[in-house]
Amino acid sequence: MAELNTDDGGGKKGGGKVRSKKSNAKVDLTAMVDLAFLLITFFMLTTSLSKPQSMDLGLPDKDDDPTKNKEVKTDQRRTMTIILGKDNKIKWFHGLQNEPEPGGSPTNAVYGKNGIRKEILKRVASIPQVTGDPKKGLIVIIKPTQKSNYRNLVDILDEMAICNVPTYAIVNDFSDDEKKLAEEMNK
């Protein structure tokens with residue numbers, strides 16, 4: 001049992017007057033300790049811990065026959081390709097690399113609001129006007145190279161969320177021209 005003793009020593013001090021001995025005041029702290037542990041347990045069980053925040057990632061359905069080659073045709077006016085290289089390098093083009101859309105030839109960019117975000121926002125706003133259908137928005141194809149780092153991929157995915165890009169995909173399949181472009185970036 002836990003208790004608090006307040007002993008004043010009792011007896012003679014120095015050789016003067018003899019005082020009557022007072023009884024010690026005892027406070028039982030057992031209930032206080034029990035209450036403290038009950039409160040700690042209560043708050044531990046009722047507190048909601050912060051949940052990790054993650055980005056929703058839509059993955060394709062598992063295909064039963066992987067030998068089938070399913071090509072998806074998209075309007076080149078709607079596509080923007082972003083290639084991530086080493087040392088935080090980015091190259092982007094709008095449309096096909098060999099036949100880019102006006103103002104969409106392969107261009108170097110930097111991360112941030114004055115770099116790639118500015119271009120993505122411009123394309124997000126212009127695509128519905130070009131196609132004539134507000135439901136048909138920009139499609140961004142993100143192609144990280146072997147020498148790009150994970151942070152760059154996360155940064156470009158953040159740009160997709162910031163710019164409200166309706167459709168984007170991470171692709172590791174490079175055409176021959178894109179391989180040459182990636183090799184130039186990774187030198």
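**Walking through a predicted fold**

Trainee: Serine 126 lies in which helix?

Mentor: Keep in mind that this is a predicted model. Serine 126 sits in the helix that covers residues 116-131. That helix is α2.

Trainee: And is serine 126 buried or partly exposed?

Mentor: Buried would need under 20% relative accessible area. Serine 126 has a relative accessible area of 22%, so with exposed set at over 50% it falls in between. Serine 126 is partly exposed.

Trainee: How far apart in space are serine 126 and leucine 138?

Mentor: In sequence, the two are 12 residues apart. In space, going C-alpha to C-alpha, the distance between serine 126 and leucine 138 is 8.8 Å.

Trainee: Let's zoom out. What pattern does the protein chain follow along the sequence?

Mentor: The parts list is 4 helices and 7 strands. Read along the sequence, they come in the order β-β-α-β-β-β-α-β-α-β-α.

Trainee: Which element has the highest mean pLDDT?

Mentor: For background, the protein chain averages a pLDDT of 79, and 82% of the residues score at least 70. Strand β1, residues 3-6, has the lowest mean of the elements, at 60. The highest mean, 91, belongs to α1.

Trainee: What share of the contacts in the protein chain with a separation of 6 or more comes from residues 24 or more positions apart?

Mentor: Take burial as a side note: buried residues make up 26% of the 187 residues. As for the contacts with a separation of 6 or more, the share from residues 24 or more positions apart is 63%.

Trainee: Back to α1. Which residues form the nonpolar patch on the surface?

Mentor: One of them is leucine 45, which is in helix α1, residues 30-46. Leucine 45 counts as exposed because its relative accessibility is 71%, and the cut-off is over 50%. Together the patch residues have about 570 Å² of accessible area. They are Val33, Phe37, Ile40, Met44 and Leu45.

Trainee: Where do the buried residues of α4 fall, seen down the axis?

Mentor: Helix α4 spans residues 176-185, and its buried residues are Glu178, Leu181, Ala182 and Met185. Seen down the axis, these fall within an arc of 100 degrees, so they line one face of the helix. On the other side of α4, the exposed residues are Asp176, Lys180 and Glu183. For the buried ones, then, the place is one face of α4.

Trainee: What covers the buried residues of α4?

Mentor: Look for strands here. Among the elements that provide the cover are β3 (79-84), β4 (90-94) and β6 (139-144).

Trainee: Threonine 79 lies in strand β3. What is threonine 79 in contact with, leaving aside its neighbours within four places in sequence?

Mentor: Threonine 79 counts as buried because its relative accessibility is 6%, against a cut-off of under 20%. Once those sequence neighbours are set aside, the contacts of threonine 79 are Thr74, Phe93, His94, Gly95 and Ile139.

Trainee: On to charges. How many salt bridges does the count come to?

Mentor: The idea is that side chains of opposite charge can pair when their charged atoms come close. The rule asks for a side-chain nitrogen of Lys or Arg within 4 Å of a carboxyl oxygen of Asp or Glu. By this rule the count is 5.

Trainee: How many residues apart in sequence are the parts that glutamate 159 and arginine 117 tie together?

Mentor: The two side chains meet in a salt bridge at 2.7 Å, N to O. Glutamate 159 lies in helix α3 (residues 150-162) and arginine 117 in helix α2, so the pair links separate stretches of sequence. Glutamate 159 is also buried, with a relative accessible area of 6%. The separation in sequence is 42 residues.

Trainee: Which residues are linked with Glu119 in a network of salt bridges?

Mentor: Start with glutamate 119 and lysine 122, which meet at 3.5 Å, N to O. Both lie in helix α2, 3 residues apart, about one turn of the helix. Glutamate 119 is buried at 18% relative accessible area, while lysine 122 is partly exposed at 48%. The residues linked with Glu119 in the network are Lys122 and Arg123.

Key
Residues are numbered from 1 along each chain as its sequence is written. This is a predicted model: local features need pLDDT of at least 70, side-chain atom pairs count only at pLDDT 80 or more; totals for chains, interfaces and linings use all residues. Side-chain values use heavy atoms; hydrogens and water are left out. Patches are made of residues with over 30% relative accessible area and no salt bridge: like charges are joined within 9 Å, nonpolar side chains (Val, Leu, Ile, Met, Phe, Trp, Tyr) within 5 Å. Accessible areas come from the Shrake-Rupley method with a 1.4 Å probe; for residues, only the protein chains shown count as cover. Helices (H or I, at least four residues) and strands (E, at least two) are DSSP runs, numbered from the N terminus. Buried means under 20% relative accessible area, exposed over 50%, partly exposed in between (1.4 Å probe, protein chains only). Contact means heavy atoms within 4.5 Å. pLDDT is the predictor's confidence in each residue, from 0 to 100. The arc is that of the directions from the helix axis to the C-beta atoms.
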